[in-house]
Amino acid sequence: MTKAPIRPDEFYPTPHECYQNLPIDWSQFTNALEPCKGDGRIVDFLESKGLPTQWAELNLGIDYLTTDFKADLVLSNPPFTKALQFFDKSIREANTVIMLQRLNYLGSKARHEWWKNTPPLELLCYLSDQV
């Protein structure tokens, strides 16, 4: 198996279909947070759903991992190498956390203890057209 090199800033824009088609009633949330704003597409989506949205973006000088936030909902595609740190912090700061990750993220031996100690209340597997 060949691994593609990881970009130093881990910026990979999230395809729109990865969040636009989620079977979620967005009106149940009062506000949101996107800890990895990137190009702003998830922030724009959340705001289009009527959710005032806070954000962080390391490349814009706001480090999510060192900045305190509170939100009803976190929706993000965090950097893969720091995903667990983002999960842990988001779980402490939000009522609902949605992290967009590849399915194989669940299967790592290195994350087994974390999953055992932090089981999700719900897990949605969504097949996108993204390869």
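In helix α2, which spans residues 41–48, the buried positions are I42, V43, F45 and L46. Viewed along the axis of α2, these buried residues fall within an arc of 160°, and they therefore line one face of the helix. The model examined here is a predicted one. On the other side of α2, D44 and S48 are exposed. The cover over the buried residues of α2 includes helix α1 (17–20) together with the strands β1 (32–34), β2 (53–55) and β3 (71–76). After α2 comes G50, and the phi angle of G50 is positive, near 85°.

In soluble globular proteins, nonpolar side chains tend to be buried together. In this model the largest nonpolar core has 15 residues, and L33, Y64 and F87 are those with the most contacts inside it. At least two residues of this core are supplied by each of β3, α3 (83–93), β4 (94–99) and α4 (112–117). Helix α3 gives the largest share, three residues. Apart from this core lies another, of 13 residues, which includes L22, F45, L46 and L73.

What surrounds L33? Once its neighbours within four places in sequence are set aside, L33 is in contact with T53, Q54, W55, Y64, F69, A71, L73, V74, L75 and E93. One of these partners, Y64, is itself among the residues with the most contacts inside the largest core.

The residues buried in α3 are A83, F86, F87, K89, S90 and E93, and what covers them includes β1, β3, β4 and α4. Leaving out neighbours within four places in sequence, the contacts of S90 are P35, Y64, V74, V97 and M99. K89, also buried in α3, places its charged end over the ring of Y64, at 4.0 Å from the ring centre.

A pair of aromatic rings is described by the distance of the centres and the angle of the planes. The number of pairs whose ring centres lie within 6.5 Å comes to seven. In the case of W26 and F29, the ring centres are 6.3 Å apart and the planes stand at 50°, so this pair is tilted. W26 and F29 are both buried. Ring pairs join Y19, W26, F29 and F45 into a cluster, and F45 in turn belongs to the core of 13 residues.

The cysteines remain to be considered. How many disulfides does the structure hold? The count is zero. C18 is buried, its relative accessible area being 16%. C36 likewise counts as buried, at a relative accessibility of 15%.

Note on methods
Residues numbered from 1 in each chain as written. Predicted model: local features only at pLDDT ≥ 70, side-chain atom pairs only at ≥ 80, totals over all residues. Heavy atoms only, no water. Phe/Tyr/Trp six-rings, centres within 6.5 Å; stacked < 30°, edge-to-face > 60°. Buried < 20%, exposed > 50% of the residue type's maximum accessible area, 1.4 Å probe, protein only. Lys NZ or Arg CZ within 6 Å of the ring centre and 35° of its normal. Helix = DSSP H or I, 4+ residues; strand = E, 2+ residues; numbered from the N terminus. Arc of directions from axis to C-beta. Contact = heavy atoms within 4.5 Å. Core = buried A, V, L, I, M, F, W, Y, C linked by side-chain atoms within 4.5 Å. Disulfide = S-S within 2.5 Å.
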